[in-house]
Amino acid sequence: MVRKIIKIDEEKCNGCGLCAAACHEGAIEMINGKARLTKEDHCDGLGDCLPACPTEAISFEEREAPAYNEEAVKQTKRTNTEKLPCGCPGTKSATIKRGDPLPVKSHYISSCLQQWPCQIKLVPVNAPYFDGAKLLIAADCTAYAYGNFHNDFIRNHITLIGCPKLDEGDYTEKLTAIIKNNNIKSVKVVRMEVPCCSGIENATKRALQTSGKFIPWSVVTISTDGKILD
C-alpha cells in the first residue's frame, strides 16, 4: 500500500539517537552510528521523531510500504524493554534509589546517564537536554578508575566524555559552541592524574573563556588507583 512514512537522510544524521528515543513504536534503530528505519510496519506515520532531530534529517514521504502493524509493535515493546535507543543492550536496574551508594558486589546497577550520545565528538551542539544543564566533562578513563562514578559524578549531570590523547583534534571549539549557545548552569571536569588528561581540562578552560560567560566550574582529579586527589 502507498502511505505516509518517515525518511531519514543519513548524510544529515549526526548519530545522536534522539529520534530513536522519541519513536515509541521502535521503528528506528541506531546502526553504525546512524539512525535507520528498520521496521517499516512499526512506523505509524505520525512523526514523533521529527521534532527530536536536531539536524532536520527526518522528513515525510509517501511511498509503497507495509501497513502499520500495531500487534507487531506491541510484541517489539515486550521483547525490547531493556534495549537502549542507541541499539545497545540495556541493564536491569537494581532496587536502589539514585543518590544512594551502589552495592559493591551488585551485578545490576542503575545508570545515571541522562542523554545519548555522550562522546564530545558526537554530541550535537544544540540539544534540548543542554537547557539548564549541569555539565560534566570527563576523561574516558575516569569512569573505569573510579568505581562509584555514576552515583558521584554523572547523577543529575549531562555527561560529555573524551580522550585528549586518542581523539583527533581539539575539543575547545566544540565545547565553546555548547557553552555559548546553551543555558549551562555549571561545568565540572573529571580527569585522571596522568599528564595527557590536562588536555581535556585546558580545552574546557579555553572554552569557558572564549564563550564570554561566567559559569561556576571545578576540576576533580582521579588517581590511577581510583582515589579522588582534589
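Predicted model: local features only at pLDDT ≥ 70, side-chain atom pairs only at ≥ 80, totals over all residues.
Entry 1: Residues are numbered from 1 along each chain as its sequence is written, and side-chain values use heavy atoms, with hydrogens and water left out.

My labels for helices (H or I, at least four residues) and strands (E, at least two) are DSSP runs, numbered from the N terminus. I call two strands paired if DSSP finds at least two bridges between them. By that rule β2 (28-31) and β3 (34-37) are an antiparallel pair with four bridges. I also looked up Met30, and it stands opposite Ala35 in β3.

**Entry 2: the turn.** What does phi do in the hairpin of β2 and β3? Two residues sit between the strands, and Asn32 takes a positive phi near 50°. I wrote myself a reminder that most residues other than glycine have a negative phi, and most peptide bonds are trans.

Is Asn32 buried or exposed? My scale is relative accessible area: buried is under 20%, exposed is over 50%, and partly exposed is in between (1.4 Å probe, protein chains only). Asn32 has 72% relative accessibility, so it counts as exposed.

**Entry 3: Glu29.** This residue lies in strand β2. Glu29 counts as buried because its relative accessible area is 19%. I then checked its side chain for polar contacts (a pair of N or O atoms within 3.5 Å; within protein, one must be able to donate a hydrogen and the other to accept it, and residues adjacent in sequence count only if both atoms are side-chain atoms). The Glu29 side chain has such a contact with the side chain of Thr38 at 2.8 Å, and another with the side chain of Lys39 at 3.0 Å.

Entry 4: Asn156 is not a glycine, yet its phi is positive, about 65°. I found Asn156 in the loop between α4 and β6. Its relative accessibility is 47%, so Asn156 counts as partly exposed. Then I came to Pro117, in the loop between α2 (70-79) and β5. The peptide bond from Trp116 to Pro117 is cis, with omega near 0°.

**Entry 5: the open sheet.** In what order do the four strands of the open sheet come? I read β6-β5-β7-β8, with parallel pairing. The edges are β6 and β8, each pairing on one side only. From one strand to the next, the twist averages 20°. For angles I use axes fitted as lines to C-alpha atoms, for helices over the stretch in contact, and they run from 0 to 180 degrees between N-to-C directions.

Val187 has Trp217 as its bridge partner in β8. Helix α6 lies across β5, β6, β7 and β8, at about 160° to β7.

**Entry 6: the cores.** A nonpolar core here is a set of buried Ala, Val, Leu, Ile, Met, Phe, Trp, Tyr and Cys residues joined through side-chain atoms within 4.5 Å. The largest has 37 residues, and Phe130 and Leu135 have the most contacts inside it. I listed the elements that supply at least two residues each, among them β5 (134-139), α5 (172-181) and α6 (198-211). Which element gives the most to this core? I found that β5 does, with five residues.

Next I picked out Leu135 and its contacts (heavy atoms within 4.5 Å). Leaving aside neighbours within four places in sequence, its partners include Phe130, Ile158, Ile178 and Val187. There is also a second, separate core of 17 residues, including Ile6, Met30, Ala35 and Ala65.

**Entry 7: the whole chain.** I count six helices and eight strands, in the pattern β-α-β-β-β-α-β-α-α-β-α-β-α-β along the sequence. Of the 230 residues, 40% are buried. Among contacts between residues at least 6 apart in sequence, 70% join residues at least 24 apart. The accessible surface (Shrake-Rupley method, 1.4 Å probe; for residues, only the protein chains shown count as cover) comes to about 12,700 Å², with 52% of it belonging to carbon and sulfur atoms.
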